[in-house]
Amino acid sequence: MTDAARIDASRNYEKVLRGKYPAKAHAKKVAEWILEQGGDRRGTIYLEAQKRKLLEDNDEDAPFRQRRFFYYLSGCNLADSYLTYEIETEKLTLFIPPIEPDEVIWSGLPMTVEEAKEKYDVDDVQTTNDVNAYLSSSSSSALSTIYAIPEQVSDHITFLAYKDKELSLLKRAIEICRVTKSPYEVALIKKANDISTDAHINVMRSVRNSRNEAELYGLFLKSCIERNAKHQAYHSIVAAGENAATLHYVKNDAPISGKDLLLLDAGCEVDCYASDITRTFPISGEFTKESFSIYEIVLSMQTRCLAALKTGVQWESVHELAHKVAIEGLRSLGILKGDPLELLKSRTSVAFFPHGLGHYLGMDTHDTGGNPNYSDPDPMFRYLRVRGNLPAGSVVTVEPGIYFCRFIIEPYLKDPAQSCYINEQVLERYWSVGGVRIEDNILITEDGYENLTRAPKEASQLERFIKDMR
């Protein structure tokens, strides 16, 4: 991606982000879902932010991560806050902590009520001192229902003024509504992808002169933080050589000298919205014959799966397509043998591609609404994090991979029903490849998709960046 292209992409999302996070639209969307389930039109939605906590045996604050359910209806990243949404009047009220003089001495002035009214897409802002009084004073509370999330209601909060308390619908409502994204949410994901893309490129340009995974991990973090993306969406995977055969490798500290490939699965978040990008590239700047062959298979898996995406497509069918392409490629190398249909039916390809093709992406890396079925007896579909048809406006990762993990593959080699499909002699040449995964973040549109990830992935592009040929 050229510098000019990155600037154009930036302008595309920055224009949208000049507005406010659409909290009221989200609240209305959630309320409408509740009403469709037979909910109370005069009801009130109630949510709490994450509490400020101290580290155990320490007077320092623990790392703060806002509750995503609260953020979805507020756009507010302040701890110890509350909100209410009156379904009938569509009134959204935010309650933020008041100014405490003792806290100001140490931490400076907090956000004021006036500043919050200007910043957030809400109808009213009060302080948290007023929450119970507000809940008790609602003119319709005696005849209506309060909707809240179990175990996310503080002990001092009382719902006694309400006729009914409903604790089963709200969490599910928000989980379902979060699947389809507003233009503002898509813009946040684009921005996170843009920052993460630059960080991936910086790692590529440094990998030949680095000593270990930790150096590259630190470089990725630095690249994000210096662009004010101070939080990662998840713990990065920086895996060299056979370490990449571990799907969620976490050590990130091994030497990289003499290793073939580096798998980098890393992404920052921007205003609570995640990116999730994986690139696999040669540490030396040039693919070996074996690593190039596997890389091209995985790239073909992704390319063909992307071409199948559009509104309403069944995710299981796209995942099965990825396995068909993997079987085709591994047969061409001689690693797998036998009839393609028999190989698909035997599920032998699961030994090399054991995880699901992707997951929804949003405020959580593995976002809500996917309806997985981890008890599925079919090993090809057991670890799918998304089941069913993809709606327009959803964002999903597409991340096929092929791995040479001894722990997974060796049981297949010992099973006569599976070993008959694997050429162990050819397989021996590929253990050092470790694993290859390519992952992009994809917005589903009515007639296809938009790829939100601009990081380079063609083999020739990767080699050029690693050799720092600008």
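Student: Which residue stands opposite L443 in strand 16?
Tutor: V395 stands opposite L443. Strands here are DSSP runs of E with at least two residues, helices are runs of H or I with at least four residues, and both are numbered from the N terminus.

Student: Before going on, what kind of model is this?
Tutor: It is a predicted model, where local features need pLDDT of at least 70, side-chain atom pairs count only at pLDDT 80 or more, and totals for chains, interfaces and linings use all residues. Residues are numbered from 1 along each chain as its sequence is written, and side-chain values use heavy atoms, with hydrogens and water left out.

Student: Back to strand 16. How many bridges join strand 13 to it, and in what sense do they run?
Tutor: Strand 13 and strand 16 run antiparallel and are joined by 4 bridges. Two strands count as paired if DSSP finds at least two bridges between them.

Student: And which residue is the bridge partner of L443 in strand 17?
Tutor: That partner is E450. Strand 17 covers residues 448–451 and pairs with strand 16 in the antiparallel sense, over 4 bridges. The two strands form a hairpin, with 2 residues between them.

Student: Is L443 buried or exposed?
Tutor: L443 is buried, because its relative accessibility is 11%. Buried means under 20% relative accessible area, exposed means over 50%, and partly exposed is in between (1.4 Å probe, protein chains only). Strand 16 is mostly covered too, with 5 of its 6 residues buried.

Student: What is L443 in contact with?
Tutor: Leaving aside neighbours within four places in sequence, the contacts of L443 include V186, G393, V395, Y449 and E450. Contact means heavy atoms within 4.5 Å. L443 and I189 are 254 residues apart in sequence, but their C-alpha atoms are 9.9 Å apart in space.

Student: Where does R464 lie?
Tutor: R464 lies in helix 16, residues 459–466. R464 is partly exposed, with a relative accessible area of 34%. Its C-alpha atom is separated by 7.6 Å from that of G285, which is 179 residues away along the chain.

Student: What is strand 12 joined to?
Tutor: Strand 9, residues 261–266, is joined to strand 12 by 6 bridges, and the two run antiparallel. D265 of that pairing has T278 as its bridge partner in strand 12.

Student: Which residues does S236 touch?
Tutor: Not counting residues up to four places away in sequence, S236 touches Y217, F220, Y249, N252, D265 and A266. S236 lies in the loop between strand 7 and strand 8, and S236 is buried, with a relative accessible area of 1%.

Student: What is the phi of E151?
Tutor: E151 has a positive phi of about 65 degrees, although it is not a glycine. Most residues other than glycine have a negative phi. E151 is in the loop between strand 5 and strand 6, and it counts as exposed at 80% relative accessibility.

Student: And the phi of N371?
Tutor: Phi of N371 is positive as well, near 55 degrees. N371 is in the loop between helix 12 and strand 13, and counts as partly exposed at 42% relative accessibility.

Student: Last one: how many helices and strands does the protein have?
Tutor: It has 16 helices and 17 strands. Buried residues make up 54% of its 470 residues.
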